[in-house]
Every structure is written in C-alpha cells, then in structure tokens.
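Have a look at it first, then work through the points.

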Amino acid sequence: MTAKMIRTKRVAAGIPGHAVCRVARISRTKLSDIEQEYAISTPEELQRIDDAIEQILDTRKHLAKLAADAGLSLNGVRL
C-alpha cells in the first residue's frame, strides 16, 4: 500500500481526512503530508491508516444493514 493508493481509496470512499485521523490516531497535518508524499511514512503507519479506512467502511456497511433491517434508508445521510 502506497501513500497515493491510500489517498485514492479514502477519496473514492468519500471519507473525510479528519475521520481517518480520528480512527488512526494521527494528526490531520500528518495524514496530509503522507498522502501528498511530503513525509516518508513507515509501512506500519500506512497499514494503520489503511486499517482505519477499512474500519470506517465496515462501520458504514454495518449501519446500512441495521437501517435496512429496520426498514430505514440512509440515502442522503453522510456517514
């Protein structure tokens, strides 16, 4: 996983940087520097960021399933 791949994945999923930072426990500035390749990051940092993105995506799926089971729609809701 590269920094550019992480940014592409995050943006494609519509996940704001601050949300990834909260889950990955890094500063927004650090994420920005990593994504723009201004900072050299370790494979562990990249994995932690990727894991945070995956956790957010899994949470979204879980919420969508709960909503569907309750007969609700999440259309128009930003998660």
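1. Before we start: a helix here is a DSSP run of H or I at least four residues long, and helices are numbered from the N terminus. Keep in mind that this is a predicted model. Just after helix H4, Gly 71 takes a positive phi of about 80°.

2. Let's check H4 itself. Its 27 residues should span 39 Å at 1.5 Å a residue, and the C-alpha atoms at its ends are 39 Å apart, so the two agree.

3. Which residues of H4 are buried? They are Glu 45, Leu 46, Ile 49, Asp 50, Ala 52, Ile 53, Ile 56, Arg 60 and Ala 67. What do they pack against? The buried residues of H4 sit against H1, H2 and H3.

4. Now the largest nonpolar core, which has 15 residues. Ile 15, Val 20, Ile 26, Leu 31, Ile 49 and Ile 53 have the most contacts inside it. H1 (3–13), H2 (17–24), H3 (28–35) and H4 (43–69) each give at least two residues to this core, with the largest share, five residues, coming from H4. In soluble globular proteins, nonpolar side chains tend to be buried together.

5. Beyond its neighbours within four places in sequence, Leu 31 is in contact with Arg 10, Gly 17, Val 20, Cys 21, Ile 26 and Ile 49.

6. Arg 60 is buried but has no salt bridge, and the nearest oppositely charged side chain, Asp 58, is 10 Å away. What does the side chain of Arg 60 reach at 3.2 Å? The backbone oxygen of Gly 14.

Note on methods:
Residues numbered from 1 in each chain as written. Predicted model: local features only at pLDDT ≥ 70, side-chain atom pairs only at ≥ 80, totals over all residues. Heavy atoms only, no water. Core = buried A, V, L, I, M, F, W, Y, C linked by side-chain atoms within 4.5 Å. Buried < 20%, exposed > 50% of the residue type's maximum accessible area, 1.4 Å probe, protein only. Contact = heavy atoms within 4.5 Å. Expected span 1.5 Å × (residues − 1). Lys, Arg positive; Asp, Glu negative; His and termini not counted. Salt bridge = Lys/Arg side-chain N within 4 Å of Asp/Glu carboxyl O. Polar contact = N/O pair within 3.5 Å; in protein donor to acceptor, adjacent residues only side chain to side chain.
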